[in-house]
Amino acid sequence: MREERTPFIRLAKRGSMDPRKIWLIRVSSIVIALILGFIPILLTGNNPIAAYGVIIDGSLSRPVYIRQTVKIAVPLLGCALAIAPCFKMRFWNIGGEGQITMGAVAATFFALNFAGTVPHVLLLIIMFLAAAIAGGIWAFIPAFFKAKWNTNETLFTLMMNYIAIGIVAWLQGGPWEGRKGSQLIPMFDDAARLPNVLGVHCGWILVLVLVVLMYFYMNKTKQGYEIAVIGDSANTARYAGMNVGWIIMRTMFISGAICGIVGFMTVSGANYTLYSGVANGVGFTSITVAWLSQLNSFAMIFISMMLAVLEKGANTLQTRMSVPASISDIITGILLFAMLSCEFFINYRMILRGKTKKEVEK
Amino acid sequence: MSMIISLIVAAVTFGTVLMFGTLGEILTEKSGNLNLGVEGIMYMGGAFGLAGAFYYEKAAGAAASGPVAIILAILCAFAAGALASAIYSFLTISLRTNQNVTGLALSIFGTGVGQFVGEFMRLSEGGYVALGNNLKDAFSARIWPDALVNIPVVGNILFSHTVFFYLAVVLAVAMHFFLGRTRWGLYLRAVGESPSTADAAGISITRYKYLATIAGGGISAIGGMVYIMTTAGCVWNHEGLSGVGWLAVALVIFCMWRPLNAIWGSVIFGAMMIMYLRVSIPFIPTEIYKILPYVVTVIVLIITSMRNSRDKQPPASLGLNYFREER
């Protein structure tokens, strides 16, 4: 090969890599992202180190703050768990937002209508089940069309989000409106509220149980295996006799059901009411949580906590240093970019022009 | 009658915002990149477009001229959007990250940056950022002579819009010719439909994907700027802008990835989004109007996948990265 025909940088896939080195790359990508986060803070005329100090201080320094941070992390983690099996299957469910919202709607229906008549625990169980079913159905619709006619699921699930949010906006100003003209749904009765454990609604226990369950589902069950095979090659799955369409629909129902449960926890544990912003972007952010964790349930705990710390801390930053709270979105974005791209350096090796064959083979 | 005309005019005003967003995304998606960051890109376009015009006015004082401010705002918005898409392109094309996840990350990042810039200007200028009346009028001025605007019915519908609407229409027609009639346009479509075939034919996949995505992002960003400078009245208004980017993504499907369809498609979507302010149909709650665009898009999506006709499909490689060695 003539020298000038060789590209300046060539890529080669790495076979395997020392796990310590992999973690070094990942950690350094986080550090680089945090350093890049200095730029917007410097623009506001503040000391970046001090600002990060405030973020940590405002999110983790006192039990009250930690509780609030955990409260942010719980839906993120729950929804990331829901999305993991879909992504494993290469089904791009970006409709978490809508599935959360529909789950919340179903839970709210029972909270508003049966609060006085049904005992506390039973009511919560009914709300839980209703939310799971509603979220599941909302996710099942795009899955059905995907399985039947191969309709593009990314765009379909995306549209379903805004339909769900619109439905809540309608309920808010219409049939479920509390005081006329308030555009608000009344606060839940105490009987429809989740009890607190250690100061945070007990959803956090539920989510941690889900972490373990999802780990087993994905790694130790037949269904989890089927999902993995479809993700690698739908044709292989077909040859092996799997009913791909059915598995897609089943997995999406499970995914939507978990999102619905997250919606239930949000209305019943955190907000005590329903409004159109109930999902608050969780459905989108959790996708990045799931992906960055490489769909590993336990890693999701760490990633979702990290993003929650940023979000909670940025609110403190706004009050103390008058840095706009949107700084958390910027730093989160930079973190995501850095962590997404670091996988490239783990999977590929760059070969510069002019290296001898011997070096390349090394 | 006059109500229908005013509805159409208002629909065109909001539709112009969508048209830029959609045209940009069509160009991006034609290269096979599904950039879900449009929401963030339009935020950035809005914030930086406003910043460009605002600081220009501050520097030039009373001598500030409307056309210069408009051009500056367009350039700033385009640059911001192009920069944001450049990040997306670098990650998905060169570093091979997943397109959906990267797009969503860009959405988070872009809305953050847009909000930050908007808030930052507000704080540093002491609470309120707005253009002077001169420039404000320049942005929402009609460009045709009164004689044309005053023609009954047709005058208002065709000639009463801002310069941005006509720019968007020209852009749509230009894109139509570019994609259908020029060599580069055909190459670009080949890249989006079947990258491996295009690669074998000697087309540089990387170059086409980069250029289309970056230019597309810049065009989408202009939409955000147009929203801030016309509908929002030259003040930073993040609430109004939220969701517009996703609507543009929906509109791309509704238009079947064709630039000419974007002209009427965006006006229809614009009408659906503002109809609740102007027309009240009994028994249909106003909030339900607002989900119409999404419902219609879903129906279009389902029907196209069911009919499976060859010319009405998304670009075949949409959302998939191209790795030459993994053929």
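This is a predicted model: local features need pLDDT of at least 70, side-chain atom pairs count only at pLDDT 80 or more; totals for chains, interfaces and linings use all residues.
**Exercise 1.** Work out whether the radius of gyration of chain A agrees with that of a compact globule.

*Solution.* Start with the length: chain A has 362 residues.

**Exercise 2.** Describe what chain A is built from and how much of it is buried.

*Solution.* First, the elements: you'll find 15 helices and 4 strands in chain A. Next, burial: 54% of the 362 residues of chain A count as buried. Last, the contacts: take those between residues at least 6 apart in sequence, and 77% of them join residues at least 24 apart.

**Exercise 3.** Find where Leu295(A) sits, and decide if it is buried or exposed.

*Solution.* Go to the loop between helix H12 (282-292) and helix H13 (297-321) of chain A; Leu295(A) is there. Its phi is near 65°, a positive value in a residue that isn't glycine. The cut-off for buried is under 20% relative accessible area. Leu295(A) has 16% relative accessibility, so it counts as buried.

**Exercise 4.** Now do likewise for Trp257(B) in chain B.

*Solution.* Look in the loop between helix H13 (244-254) and helix H14 (259-278) of chain B. Trp257(B) isn't a glycine, yet its phi is positive, at about 60°. With 3% relative accessibility, Trp257(B) therefore counts as buried.

Key. Residues are numbered from 1 along each chain as its sequence is written. Chains are lettered from A and ligands numbered from 1 in the order in which they are written. Side-chain values use heavy atoms; hydrogens and water are left out. Helices (H or I, at least four residues) and strands (E, at least two) are DSSP runs, numbered from the N terminus. The radius of gyration is taken over C-alpha atoms; the globule rule is 2.2 Å times the number of residues to the power 0.38. Buried means under 20% relative accessible area, exposed over 50%, partly exposed in between (1.4 Å probe, protein chains only). Contact means heavy atoms within 4.5 Å.
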